[in-house]
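Reader: Please take a close look at one part of this model for me. I would like the charged side-chain contacts, pair by pair.

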Amino acid sequence: MNQTLLTLVCAPSIERIVVDWLLEQSEITGFTSLEAYGHGSDPEKLNVTEQVEGRKKQVVFHIHMELDSAHKSIQRLKEDLKGTGIHYWLVPMIDAGRT
C-alpha cells in the first residue's frame, strides 16, 4: 500500500479558493474539511483578538491519496497558491478501507 494522508491547513479567508482548487485536481477524488484552531508561541502571527484568546481559527483539509499523486499535488499547490500561507504535511497510511 503506497497511500498517504495529505493534510492542508489554511486561513478561513481562503477556504473557498482551496476547495475550488482541490475540486479541480484530477487525482483528488474526495477530501474532508473541518474547522480547527491553531495554537502557537509566535504572537506576531496573531491579531489582537487571537493573542487574547490564544488561538487562531483555521480550516483543515484531509486528502487520502497515492503518495506520488500527493507529491505532484503539493508541487502544483506551491505554484498555484503561492504566498497563501497554506501549511501541509504527509503521513503514511498503514491501512484504510470501508466497513
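Author: E27 and R76 form a salt bridge, with the closest N and O atoms 2.2 Å apart. This is a predicted model. The pair links distant parts of the chain, 49 residues apart. E27 sits in the loop between α1 and β2. R76 belongs to helix α3, residues 67-80. E27 is partly exposed, at 23% relative accessible area. R76 is partly exposed too, at 26%.

A search of the whole structure finds 3 salt bridges. Another one joins E35 and K57, at 3.8 Å from N to O. That pair also connects distant parts of the chain: E35 lies in strand β2, K57 in strand β3, and 22 residues separate them. E35 is exposed, at 57% relative accessibility. K57 is partly exposed, with a value of 39%.

R16 and D20 make a salt bridge as well, their closest N and O atoms being 3.1 Å apart. R16 is exposed, with a relative accessible area of 53%. D20 counts as partly exposed, at 34%.

Now back to β3, the strand that holds K57. β3 spans residues 56-66 and pairs with β1 in the antiparallel sense over 8 bridges. Within that pairing, V9 has V60 as its bridge partner. β1 also runs antiparallel to β4 (residues 87-92), joined by 6 bridges. There, L5 stands opposite V91.

Terms used
Residues numbered from 1 in each chain as written. Predicted model: local features only at pLDDT ≥ 70, side-chain atom pairs only at ≥ 80, totals over all residues. Heavy atoms only, no water. Pairing = 2+ DSSP bridges. Helix = DSSP H or I, 4+ residues; strand = E, 2+ residues; numbered from the N terminus. Salt bridge = Lys/Arg side-chain N within 4 Å of Asp/Glu carboxyl O. Buried < 20%, exposed > 50% of the residue type's maximum accessible area, 1.4 Å probe, protein only.
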